[in-house]
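Trainee: Could you walk me through this one? I'd like to ask things as I look.

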Amino acid sequence: MQFDDLLTEQRNHRSTHIDRESTLEMVATINREDHRVARAVQKQLPQIAAAIDAAYPKFDEGGRLIYVGAGTSGRLGVIDATELQPTYGLTAQQTFGLIAGGTQALTTTVQAAEDSPELAQADLGAVHLTSKDVVIASAASGQTPYTLAALQFAQDQGALGIGFSCIEGSPLSELADFPITPVVGPEIITGATLLKAGTAEKMVLNMLSTGIMIKTGKVYQNLMINVVPTNGKTFERAKKIIAEATQTSTLAAERALDRAGNNVPLAIVLIETKGTIAEAKALLDATNGHVSQAVKLSDKG
């Protein structure tokens, strides 16, 4: 597949006069193109759901969620991994991003790094992959050498490979166990894949990681319950989450949180099941920390 032939590198006939438009017309043109991104992602919902269903059991069993990519694709992966940590109480060992050129590439362009399969193999080799790991490889073009080599290396080690690209039939989509390919079409500014392709990647990564977190019990109802109270702000947030989850007062939430040793999921189960600390812990242990399942198990008992 020749680079110049890629759909993401073609000129967009709907924005050919964007340099002559008023500012309002310009942003309206960009907004209309962004609407196309959401529709393209919508067409990939079955593939996204299938990827989540394959990935979450691995993460639930102690596997890691690892993002790989180059340039904008790599930076978006690092952002998603980084934000998951405080949002869902994860460690930097449970989820992280690898970008061609290393941390320096987050703020500057590292020439030729994305063209190096050897660099990808070294980066993935250093994290000691296992069959429990999930690797999300992203490349708008679907043919970046670093990303392709990283995904191939991951699969050779038995890891699950999810591939994001914006080109149907790309090498990345052919290689991935679960390809996700929203075809967003030519960019508003020719070849600037930080625009529609970047937006599509952000949407897809949000769905993947949020879905995996929900399925592995990091969410109760629609609340992020794995917040760890470490200061006044997070302690107040934890109390609010418990109170909202259990439809009780913040005073009752504070008492439960104190009894649970500042463990938010344990405090929620304690209130919802009206049992003892020991019983609440047993329910969470039996359900691998899934609050919803723990509460249901108590109802059955």
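Trainee: How much space lies in the largest pocket?

Mentor: In this predicted model, about 610 Å³ of space lies in the largest pocket. Of the 33 residues that line this pocket, the closest to its centre are Ala 70, Gly 71, Thr 72, Glu 114 and Thr 144.

Trainee: And which helix gives the largest share of the lining?

Mentor: That is helix 3, with five residues, and the elements that give two or more residues to the lining are helix 3 (71–88) and helix 7 (196–215). By type, the lining residues divide into 14 nonpolar, 14 polar and five charged.

Trainee: Where does UniProt place the "active site" feature?

Mentor: The unreviewed UniProt entry places that feature at Glu 83 and Glu 114. Their C-alpha atoms are 24.0 Å apart, so they do not gather at one spot, and from this set the lining of the largest pocket takes in Glu 114.

Trainee: Where does Glu 114 lie, and what is it in contact with?

Mentor: Glu 114 lies in the loop between strand 2 (95–99) and helix 4 (117–125), and, leaving aside neighbours within four places in sequence, Glu 114 is in contact with Ala 70, Ala 100, Thr 144, Pro 145 and Tyr 146. Glu 114 is partly exposed, with a relative accessible area of 38%.

Trainee: Switching topic, which residues are buried in helix 11?

Mentor: In helix 11 (residues 277–286), the buried ones are Ile 277, Ala 280, Leu 283 and Leu 284. Seen down the helix axis, these buried residues fall within an arc of 125°, so they line one face of helix 11, while the face turned away from that buried side carries the exposed residues Ala 278, Asp 285 and Ala 286.

Note on methods
Residues are numbered from 1 along each chain as its sequence is written. This is a predicted model: local features need pLDDT of at least 70, side-chain atom pairs count only at pLDDT 80 or more; totals for chains, interfaces and linings use all residues. Side-chain values use heavy atoms; hydrogens and water are left out. On a 1 Å grid over the protein atoms alone, a cavity is a set of points where a 1.4 Å probe fits but cannot get out, and a pocket is an open set with protein on both sides within 12 Å along at least five of seven lines; lining residues have an atom within 4 Å of a point. Grid points are joined across faces, edges and corners, and a volume is the space filled by probe spheres set on the points. Helices (H or I, at least four residues) and strands (E, at least two) are DSSP runs, numbered from the N terminus. Ala, Val, Leu, Ile, Met, Phe, Trp, Tyr, Cys and Pro count as nonpolar, Asp, Glu, Lys and Arg as charged, and the others, Gly among them, as polar. Buried means under 20% relative accessible area, exposed over 50%, partly exposed in between (1.4 Å probe, protein chains only). The arc is that of the directions from the helix axis to the C-beta atoms. UniProt positions are given in the numbering used here, feature names are shortened, and annotations may be inferred rather than shown by experiment. Contact means heavy atoms within 4.5 Å.
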